[in-house]
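I wanted to go through the charged side chains of this model and note how they pair. My entries follow in the order in which I looked things up.

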Amino acid sequence: MVLPFLDSLLSKGKAHKEVVGIAVTPGLGLEVAVIDKNTKVVKSYGRRKIDYDISRREITDIGQFKIALGELLNQMDVIKSAQTLAYLVLPNVYFDFIELPEGSANEEIKTAILSEAEEFFIFKREEPVSCFTPVRNINAAERAKYVYSSFQKEQIDNLKAAVEDCGLKLIGIETNYTAT
């Protein structure tokens, strides 16, 4: 069974026949899987140990991440170009729900989420970046419910740059709530 997110990801981009999945899991390290877009089968897989600081919820050394990613891509003969799509799965940093008045504008939603996320201890010293999606709210009339996830903005910016420096186009980041 292919997850809906992965299925939609695999249908993007026509230039290459592969998507590169990159995952970071504390204690396990960096994993890379090359997925054939047509058959939706993993063509190759590799793993390298990288350091992850669980208390700060971040990759300890972005340079180590970039070197390990480059080595894995070379080992798996991944075609590196701006057309080679990649997605990144990271351990959860902050995940929550928020209810707001129905019809709230995107900027109002973002501001409310930012305000909530900034209360979390990690974001008292680092700027958060968040994304959200609506969820069905069966308990409240005239209220909209959103699920959101927040990460350290600097960490995300550095990871995006590292992935792109390795010759891939990062098209998505998702959270793995159980990778702790």
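Salt-bridge notes

I began with Asp 157, whose relative accessible area of 40% makes this residue partly exposed; I keep in mind that the model is a predicted one. Looking for a partner, I found that Asp 157 forms a salt bridge with Lys 153, with 2.8 Å between the closest N and O atoms. Lys 153 also counts as partly exposed, at 29% relative accessibility. Both residues sit in helix 4 (residues 153-165), and because they are four residues apart there, about one helical turn separates them.

I next turned to helix 3 (residues 106-117), where Lys 110 and Glu 107 are three residues apart and so are separated by about one helical turn. These two form a salt bridge as well, the closest N and O atoms lying 3.9 Å apart, which I checked against the 4 Å limit for such a pair. Glu 107 is exposed at 52% relative accessible area, a value I set against the cut-off of over 50%, whereas Lys 110 is partly exposed at 45%.

I then looked up Glu 71, which forms a salt bridge with Arg 48 at 3.2 Å between the closest N and O atoms. This pair links distant parts of the chain, since Glu 71 belongs to helix 2 (residues 62-75) and Arg 48 to strand 3 (residues 42-48), 23 residues apart. Glu 71 is partly exposed at 37% relative accessibility, and Arg 48 is partly exposed at 26%.

Finally, I searched the whole structure and noted nine salt bridges. I also recorded a network of salt bridges that links Arg 56, Glu 58 and Glu 126.

Key: Residues numbered from 1 in each chain as written. Predicted model: local features only at pLDDT ≥ 70, side-chain atom pairs only at ≥ 80, totals over all residues. Heavy atoms only, no water. Salt bridge = Lys/Arg side-chain N within 4 Å of Asp/Glu carboxyl O. Helix = DSSP H or I, 4+ residues; strand = E, 2+ residues; numbered from the N terminus. Buried < 20%, exposed > 50% of the residue type's maximum accessible area, 1.4 Å probe, protein only.
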